[in-house]
Amino acid sequence: MKRVTKMIVSTLLAASLAVGLSACGNSSGTNSSSGGKNNNTAPKEEKITLSFWGISTAEPEKSEMEKIIKEWNDNNPNIQIEYSGTENNAYKTKIKTAIAAGEAPDIMYSWTGGFAQPFVEAGKILNLDEYLTDETKDQMLPGALDNITYDGKVYGITYGQMAGALYVNTELFDQYQVKIPTTFSELMTAVDTFNQNGVKPMITGMKDLWPGMWIYDMIALRESGSQLSLDALNGKASFTDPAFVNAADKIQQLVNAGAFGNGILGMTQDEAEAEFNQGKVAMLFGGNWMASKMESDSSMVKGKIKAVRFPASEDGKGDPTEYVGGGSDAMLVSADTKYKEQAVKAATYLAKAQAEQGYLSGINLPTWKYDSLDQSQINPLAKEIMDNIITGAVGSVPVWDIYLNGADAKTHQDLVAEVFANQITPEQFGAQMQDKVNGN
């Protein structure tokens with residue numbers, strides 16, 4: 001991918017060489033060994049501990065992760081997993097710093113695509129080709145490893161894929177006789193109708209930046225189509241293309257029509273979701289994991305929400321079935337771990353268990369086959385997304401902060417926030433994206 005620069009790779013390599021390859025984050029020690037798998041295998045009688053870092057800090061993710069690890073530890077007394085969880089945004093900084101310093105854990109959560117690629121190119125992530133068996137791969141869905149494959153080699157085990165959905169409160173839509181929108185003009189009509197009746201049409205937590213970015217990226221996909229979006233992200237097309245300018249314009253049409261009400265620039269996504277789950281807002285666009293809270297026992301909208309595709313753009317080039325998302329969550333193994341074979345085995349277990357448990361609860365959409373799961377136990381909104389948004393789609397594009405790297409991802413989020421705040425014009429947005437992201 002174009003976004004990975006030589007400077008990033010050089011910095012990672014230089015930092016790791018400066019501090020050496022001893023990883024203090026690994027409670028079992030992480031001295032590198034240059035031999036084959038046999039040379040990196042601990043004696044069977046030796047009890048080892050594998051350090052694992054992830055982002056499961058909030059409920060229900062935290063309890064599910066603790067349950068998964070406990071089951072492994074109970075069944076593998078000589079190979080114990082020690083987990084450390086960090087909040088999403090803080091984790092991004094933590095893992096980048098640790099990898100650059102040669103202090104990565106044995107196993108680590110990572111986003112796929114452009115986020116993981118610098119680690120791979122710096123030689124700090126274990127290539128899994130000699131460890132993943134055909135039996136394991138056969139248990140995964142087609143394309144499950146595509147976004148964690150670089151130069152034809154697999155460097156991680158995915159467990160979750162993402163998909164953006166427009167969540168609609170059917171109770172409010174029915175009460176005010178509003179049609180669930182399938183086109184952007186119908187969306188604008190719905191916004192107007194809800195405003196006239198004193199109901200907030202939509203909500204998003206712009207203080208966290210990424211939620212508004214999800215909305216822009218989705219509209220950009222409707223305007224451009226997946227190929228043009230990917231071409232721009234890879235520097236093969238310009239962000240000044242009318243499709244990306246029009247997407248920013250549609251954001252401002254929504255803002256200026258009062259779609260989000262007041263105060264979203266200072267609202268966190270947790271606050272936005274809480275308001276939606278209290279039944280006060282008609283629509284919310286966001287990731288599939290939000291389904292778990294909507295269907296929780298504490299949610300006032302449980303059983304009232306429907307997950308649908310984001311409305312099509314009448315003048316856009318995108319296919320209405322395309323979605324923002326794709327395989328995104330993976331387990332990586334440090335190239336410096338002393339216990340490579342055991343770490344891969346544990347990472348595979350973690351990935352499969354999270355794929356299954358996450359789908360049941362609505363946190364993740366699986367990249368592993370799920371035919372054996374009790375379909376009646378699957379979160380109904382997650383099943384809607386899997387059946388009605390992912391199945392039958394002709395294409396998808398990852399959210400841009402996963403596809404882009406480092407400063408480019410932050411630049412995109414910041415520029416989208418300026419669009420929401422009406423601080424820049426759509427044309428300025430396109431020009432600055434091209435200059436700052438594709439111009440470096």
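The lining of the largest pocket divides into 17 nonpolar, 12 polar and 10 charged residues, and please keep in mind as we go that what you see is a predicted model. In total, 39 residues line this pocket, and the ones that lie nearest its centre are Ile55, Glu61, Asn88, Trp210 and Trp289. The volume of the largest pocket is about 1,000 Å³. Which element gives the most to its lining? That is helix α2, which contributes four residues.

Rolling a probe the size of a water molecule over the atoms shows where empty space is left. The residues that line the cavity are Gly164, Met218, Arg222, Arg309, Phe310, Pro320, Thr321, Glu322, Tyr323 and Ile389, and by class they are five nonpolar, two polar and three charged.

Now to the helices, where two packed helices are described by the angle between their axes and the distance between the axes. On the α2 side the contact is made by Glu64, Met65, Ile68, Ile69, Glu71 and Trp72, while the α13 side includes Tyr349, Leu350 and Gln354. Sorted by class, the residues of this contact between α2 and α13 are eight nonpolar, four polar and three charged.

My other pair is helix α16, residues 406–420, and helix α17, residues 426–438, whose axes come within 10 Å and cross at roughly 170°. How do α16 and α17 run relative to each other, roughly parallel or roughly antiparallel? An angle over 145 degrees counts as roughly antiparallel, and α16 and α17 are therefore roughly antiparallel to each other. The crossing in which α16 passes α17 is right-handed. Among the residues that meet here are His412, Leu415 and Val419 in α16, and Phe429, Met433 and Val437 in α17. The contact of α16 with α17 is made up of six nonpolar, three polar and two charged residues.

Definitions and conventions
Residues are numbered from 1 along each chain as its sequence is written. This is a predicted model: local features need pLDDT of at least 70, side-chain atom pairs count only at pLDDT 80 or more; totals for chains, interfaces and linings use all residues. Side-chain values use heavy atoms; hydrogens and water are left out. Axes are lines fitted to C-alpha atoms, for helices over the stretch in contact, and angles run from 0 to 180 degrees between N-to-C directions. Helices (H or I, at least four residues) and strands (E, at least two) are DSSP runs, numbered from the N terminus. Angles under 35 degrees count as roughly parallel, over 145 as roughly antiparallel, 65 to 115 as roughly perpendicular and the rest as oblique. A crossing is left-handed if the near helix is turned anticlockwise from the far one by less than a right angle, and right-handed if clockwise. Contact means heavy atoms within 4.5 Å. Ala, Val, Leu, Ile, Met, Phe, Trp, Tyr, Cys and Pro count as nonpolar, Asp, Glu, Lys and Arg as charged, and the others, Gly among them, as polar. On a 1 Å grid over the protein atoms alone, a cavity is a set of points where a 1.4 Å probe fits but cannot get out, and a pocket is an open set with protein on both sides within 12 Å along at least five of seven lines; lining residues have an atom within 4 Å of a point. Grid points are joined across faces, edges and corners, and a volume is the space filled by probe spheres set on the points.
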